[in-house]
Amino acid sequence: MLGKVPGIGSAPGLFETRRERTSASPPATARLGLSGISGQSLATLDPLAIEPVSIERELLRARFQQALSRASSGLGSGTGLSVGLASTAATRNATAASRRTRELAWRRDHLELLRAHAGQWVVLESDQLVAHGPDPAALVAEARTRGIRVPYVFFVDARADDVVSLGL
Amino acid sequence: MLTVRYDHEFPYPYDLNGERFPRLTFRLTNPENPGQSVDVDAYLDSGAQRSLFDGGIGRAVGIDLLTGDQKQYESATGSSIAGRLHRVRLEHPDLGSFDLEVGFSSSRIKRNLLGRDFLNLVQIGFRERRLAFYVTPEP
């Protein structure tokens, strides 16, 4: 009944020596590779595929829509979330307010506008596209001159349909 | 029975192509110049040995990319780019604050990557089928 949650790692001591590890001298070459994580398009998600089929269909659909809404807004959720490795039961006690939720929602809702800036960095403040261009440092400087103390800057990454994204 | 408890659940946000990736938005601060911070996206990449951010992000918070230990960051293809190591503070409203020595690339990269050095500071689990990841902000 139980399975292993990917990414947790069952090796003893994996997380136990935080400070010792971070203080150790790193190798000269750091490897960057695949995280083993692949994207999945919205269209391929089937609510019946993510829960046991015994659950009532309408309830399932409602939960699915809720999850999609959270995902597309970029909201994280919950303190005290319990993930049993065996089951799909998870308890959410609260919805946490993650950083830049308004901007993340704007990004979700303005894909066409953002596509016009594909391959560029963008500074977004609330629902205002403040600056865009090739150099994030220049954009941040420009945003600061406009009174934005801590700008939110991100890269607009648009890929062709036949391109698969890797870590680096 | 093995049970792991996590404090927070995060759905993978969408990107421009409608794909979803495990990503968090952090406030990145240069501890040597605390008045300069930026909010940036960073992708969780368990295949990355160390974290790597675009060099322009470093410059945006006043980091001199001609200083700091230099590392070569090698991709799966064998090609590599250089990065300069600098200590920064990453803050997240739910997860708290992390002091981390990250690389800032000498050439442009599309995605800021949080590698295993960051994963070493938290407990994290991925549920790809649910397009969600789970985090407890302690090792």
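Predicted model: local features only at pLDDT ≥ 70, side-chain atom pairs only at ≥ 80, totals over all residues.
**Stop 1: confidence in chain A**

Colour chain A by pLDDT. The average for chain A is 62, and 42% of the residues score at least 70. Select residues 34-75 of chain A: the pLDDT there is below 50, and the stretch has 76 contacts in the model beyond near neighbours in sequence. Select next residues 82-97 of chain A, where pLDDT stays under 50 and the model has 48 contacts beyond four places in sequence.

**Stop 2: helix 5 of chain A**

Select residues 136-145 of chain A, which form helix 5. Which residues of this helix are buried? They are Pro136(A), Ala137(A), Leu139(A), Val140(A) and Ala143(A). These residues lie on the same side of helix 5 of chain A, because they cover an arc of only 160° around the axis. Within chain A, the buried residues of helix 5 pack against strand 3 (121-125), strand 4 (128-133) and strand 5 (152-155). In chain B, their partners are strand 4 (33-44) and helix 1 (55-60).

Now inspect the ends of the helix. At its start, a side-chain oxygen of Asp135(A) comes within 3.1 Å of the backbone nitrogen of Ala137(A). Just after helix 5 of chain A, Gly147(A) has a positive phi of about 90°.

**Stop 3: aromatic pairs**

Over all chains, 11 aromatic pairs are counted. Select Tyr152(A) and Phe154(A), a tilted pair with 5.3 Å centre to centre and 40° between the planes. Tyr152(A) is buried at 0% relative accessibility, and Phe154(A) is buried at 2%. In chain B, Phe98(B) and Phe118(B) have ring centres 5.2 Å apart, and their planes meet at 70°, so this pair is edge-to-face. Phe98(B) belongs to strand 8 (residues 96-105) of chain B and Phe118(B) to helix 2 (residues 116-119) of chain B, 20 residues apart. Phe98(B) is buried, at 2% relative accessibility, as is Phe118(B), at 1%.

Return to Phe154(A): the charged end of Arg107(A) sits over its ring, 3.7 Å from the centre. Then select Phe10(B), Tyr12(B), Phe126(B) and Phe133(B), which ring pairs link into a cluster.

**Stop 4: Arg20(B)**

Finally, select Arg20(B), in the loop between strand 2 (8-11) and strand 3 (23-30) of chain B. Is Arg20(B) buried or exposed? Arg20(B) is buried, because its relative accessible area is 3%, under the 20% cut-off. A polar atom of its side chain lies 2.9 Å from the backbone oxygen of Tyr12(B). The charged end of Arg20(B) sits over the ring of Tyr14(B), 4.8 Å from its centre. Arg20(B) and Ala132(B) are 112 residues apart in sequence, yet 9.5 Å apart in space, C-alpha to C-alpha.

How values were computed: Residues numbered from 1 in each chain as written. Chains lettered and ligands numbered in written order. Heavy atoms only, no water. pLDDT = per-residue confidence, 0-100. Contact = heavy atoms within 4.5 Å. Buried < 20%, exposed > 50% of the residue type's maximum accessible area, 1.4 Å probe, protein only. Helix = DSSP H or I, 4+ residues; strand = E, 2+ residues; numbered from the N terminus. Arc of directions from axis to C-beta. Polar contact = N/O pair within 3.5 Å; in protein donor to acceptor, adjacent residues only side chain to side chain. Phe/Tyr/Trp six-rings, centres within 6.5 Å; stacked < 30°, edge-to-face > 60°. Lys NZ or Arg CZ within 6 Å of the ring centre and 35° of its normal.
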